[in-house]
Amino acid sequence: MNSNNRLLEVRNLKKWFGVERGIFKRSVSNIKAVDGVSFHINKGEILGLVGESGSGKTTIGKMLVGLLNPTQGTILFKDRDVSTMKRSRLGLKLQIIFQNPFSSLNPKLSVGTIIGEAVRLNNRTGDNKHAQENVMQATKRLLQTVGLPGHVVNDYPHQFSGGQRQRIGIARALAMDPELIIADEPVSSLDISIQAQILNLLSDLKDKYGLSYLLITHDLNVVRHVCERVMVMRNGKIVEEGVTSSVYNNPEHPYTEKLLSSIPELPL
Ligand SMILES: Nc1ncnc2c1ncn2[C@@H]1O[C@H](COP(=O)(O)OP(=O)(O)O)[C@@H](O)[C@H]1O
Ligand SMILES: [Mg+2]
């Protein structure tokens, strides 16, 4: 792989959270949530990030999209240091999808409004009648892209199932025309059969729009069939990284082995 193929590069990334301890909260100790992590994501790649709950996965995702500032380290997006990029510009290129789409979708807004806002933000359209009509058309197209009928623009988040809500979350992310999507436990709250549908959708969208993903999950079955490469995280550090099939078949780190032995075998 030459370096032109590199979309994101992370060098020695750290995030320490200060936590007050003791009855009088006089002492502050640090939780090293992310403790010196380096990796890269190539264009068109789905990179998996797995590890137990609390290992630091979400903290990495939040730093990548600018929701948290790193304690130390560098994040390069297409060779540019993201700390020098405007948050709004970065937000268009990197989108994050969370585990629970319900909490991130405003229950008071219709689906058309939720996605339409993102379309407007990205296209900087005005508010005249013609522009409104264009936004509505684009919103319906996005819904169809994620497998929902256009007429649901008038419905509200509570009217949808978990899987459908995740589709809405994905449509909203797509409205920004992103190049990299951080998918943080995107299927963890869904039934197994629905999980497969959403993972297939993400994979189809990758091909259709030339997207790349960082797929974060505690569930090794999720990365198994979707990710070319996988990183295993434990206590803020990446303990193993490699081509998914080799990591699965010949885990080098005892922790990876432990994670693998604790998952039930799923039929292919
Ligand atoms: N805002 C915060 N303040 C203090 N500690 C935090 C904060 N966010 C996360 N942590 C801690 O950082 C560690 C990693 O958390 P997280 O990145 O959410 O892990 P994961 O996504 O792998 O479950 C955990 O010990 C968590 O309690
Ligand atoms: Mg998490």
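Biologist: How many helices and how many strands are there in the protein?

Modeller: In this predicted model, the protein has 10 helices and 10 strands.

Biologist: What makes the protein as compact as a globular protein of its length?

Modeller: The globule rule gives 18 Å for 268 residues, and the radius of gyration is 19 Å; the two values are close, so the protein is as compact as a globular protein of that length. Along the principal axes, the C-alpha trace spans about 60 × 50 × 50 Å. Buried residues account for 36% of the 268 residues.

Biologist: Why is Ile238 called buried?

Modeller: A residue is buried if 20 or more other C-beta atoms lie within 10 Å of its own. Ile238 has 21 such atoms within 10 Å, and therefore it is buried. Ile238 belongs to strand 10.

Biologist: Which residues does Ile238 touch, leaving aside those up to four places away in sequence?

Modeller: Ile238 touches Val37, Phe39, Met231, Val232 and Met233. The C-alpha atoms of Ile238 and Asp35 are separated by 8.9 Å, although these residues are 203 residues apart along the chain. For the protein, among contacts between residues at least 6 apart in sequence, 68% join residues at least 24 apart.

Biologist: How do you know that strand 9 and strand 10 pair?

Modeller: Two strands pair if there are at least two bridges between them. Strand 9 (residues 229-234) and strand 10 (residues 237-243) have six bridges, in the antiparallel sense. Val232 stands opposite Glu240 in strand 10. The hairpin of these strands has two residues between them, and Asn235 takes a positive phi near 45° there.

Biologist: What makes strand 2 and strand 5 edge strands?

Modeller: The open sheet consists of four strands in the order 2-1-4-5, with antiparallel pairing. Strand 2 and strand 5 (80-81) each pair on one side only, and they are the edge strands. Strand 5 is joined to strand 4 (residues 72-77) by two bridges, and Phe77 stands opposite Arg80 in strand 5.

Biologist: How do you know that both faces of strand 6 are covered?

Modeller: In a regular strand the side chains alternate between the two faces of the sheet. In strand 6 (residues 94-97), Leu94 and Ile96 lie on one side and Gln95 and Ile97 on the other, and all are buried. Strand 6 pairs with strand 7 (residues 180-184) in the parallel sense over four bridges, with Ile96 opposite Ile182.

Biologist: Which residues have the most contacts inside the largest nonpolar core?

Modeller: They are Leu49, Ala171, Ile182 and Leu215, in a core of 66 residues. Not counting residues up to four places away in sequence, Leu49 touches Lys57, Ile60, Leu214, Leu215, Ile216, Met231 and Met233. In soluble globular proteins, nonpolar side chains tend to be buried together.

Biologist: Which residues are around ligand 1?

Modeller: They are Phe17, Val19, Ile31, Ala33, Gly51, Ser53, Gly54, Ser55, Gly56, Lys57, Thr58 and Thr59. Strand 1 (6-21), strand 2 (27-42) and helix 1 (57-64) are the elements giving two or more residues to this shell. Helix 1 gives the most, with three residues.

Biologist: How do the residues of this shell divide into nonpolar, polar and charged?

Modeller: The shell around ligand 1 has four nonpolar residues, seven polar residues and one charged residue. Gly counts as polar, and Gly51, Gly54 and Gly56 are among the residues around ligand 1.

How values were computed:
Residues are numbered from 1 along each chain as its sequence is written. Chains are lettered from A and ligands numbered from 1 in the order in which they are written. This is a predicted model: local features need pLDDT of at least 70, side-chain atom pairs count only at pLDDT 80 or more; totals for chains, interfaces and linings use all residues. A residue is near a molecule or strand if its C-beta atom, placed from the backbone, lies within 6 Å of it. A nonpolar core is a set of buried Ala, Val, Leu, Ile, Met, Phe, Trp, Tyr and Cys residues joined through C-beta atoms within 7 Å. A residue is buried if 20 or more other C-beta atoms lie within 10 Å of its own, exposed if 12 or fewer, and partly exposed in between; C-beta atoms are placed from the backbone. Two residues are in contact if their C-beta atoms, placed from the backbone, lie within 7 Å. The radius of gyration is taken over C-alpha atoms; the globule rule is 2.2 Å times the number of residues to the power 0.38.
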